[in-house]
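Hi,

Here is the structure I said I would pass on. Have a look, and then read on for what turned up.

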Amino acid sequence: MIILGIDGGGTKTRCVAVNEEGDVLATTTVGSTNINAVDHTTVRERLAEAVVTVLSQASREPHEVVAIGLGMSGVGRPEDARRVRQWVAEILPHAYTYVDHDAAAALASGTGGDLYGVVVISGTGMIVFGVDSQGRRRRAGGWGPILGDPGGGFSIGAAILQSITAATDGCGPPTALTARVLAHLRLKEVNDLIAWTYNQSGWAHVAALAHLAEECAAERDEVAFHILAWAADNLALRAETVIRGLGMEQERFPIVLAGGNLMHGELLRHLLRLRLEEVVPQAEIVTPHLDAAVGAALLALRQAWKEKRGEEG
């Protein structure tokens, strides 16, 4: 018995094959499968590539796949999820298919497959997603770089660049970020940032600067510290909004901190943890102990079992 899990983010898509014990048999990574940012033909091709690759690596056949879970950014609407299920059915016609938002997979990766609690994600963008004990859902953020993903990688990277230009203009304090960013990008002067910023499409190149705020803040650069504090405040505000919206203020539940900026950014994670402990001191704040793609696989398996029990009952 094989279960596949797919974690489809805005930058990359990770696919895993696991057995019934939860052992990972194979993994692969393809490009973004966000159906709001990538044309549908490309999304279908990338999903097919991911499935074929992990099955080949695991030396398994499509008919051995009993379930596949897909946690994908951009599938917030029912019609989007239906479209993805149709594509998967063309590749794996006999497998049970579970499609949900990528935040659901991230939550499950920190809870061992349970869809209960709150997940705060800071990657290229950000989102806070919560599910209460009755299965009610609420989210905040996830609007994208322009409409508003404060606390995500792009917003941190943009704040870094804006602090550098402000310091250059003399209307902001000097910051170690200037020299650090220029050295990191191998640029000679601040004016070179114009071509670097605008001659590339997408948001990932700006989001990739976020870790430099961590480095400079660790060296006591006040500008970098304030950027991370601002990011933590915005993530905490949206988490509080979701928690209060679900009426979970007095409950004990897990809060999963996910995404590259929280998994690898010690200061951002610490600042966010402090803010969350003020709001919900009884919550258990954790980092994922499973890959989000494995979380998607577990969600699919649990949902398949639930539906099977319902049919038998």
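Is Arg186 buried or exposed? Arg186 counts as exposed, at 79% relative accessibility (exposed means over 50% relative accessible area, buried under 20%, with a 1.4 Å probe and protein chains only).

A word on the source: this is a predicted model, where local features need pLDDT of at least 70 and side-chain atom pairs count only at pLDDT 80 or more, while totals for chains, interfaces and linings use all residues. Residues are numbered from 1 along each chain as its sequence is written, and side-chain values use heavy atoms, leaving out hydrogens and water.

Back to Arg186: its phi is positive, about 60°, although it is not a glycine. Most residues other than glycine have a negative phi. You'll find Arg186 in the loop between helix H5 (177–185) and helix H6 (192–198); helices are DSSP runs of H or I with at least four residues, numbered from the N terminus.

Now the helix pair. H4 (residues 153–169) and H9 (residues 222–245) pack at an angle of about 150°, with axes 10 Å apart (axes are lines fitted to C-alpha atoms over the stretch in contact, and angles run from 0 to 180 degrees between N-to-C directions). That makes H4 roughly antiparallel to H9, a label for angles over 145 degrees. On the H4 side, the contact (heavy atoms within 4.5 Å) includes Ile156 and Ala159, and on the H9 side Trp230 is one of the residues involved.

Cheers

Methods: Helix = DSSP H or I, 4+ residues; strand = E, 2+ residues; numbered from the N terminus. Parallel < 35°, antiparallel > 145°, perpendicular 65-115°, else oblique.
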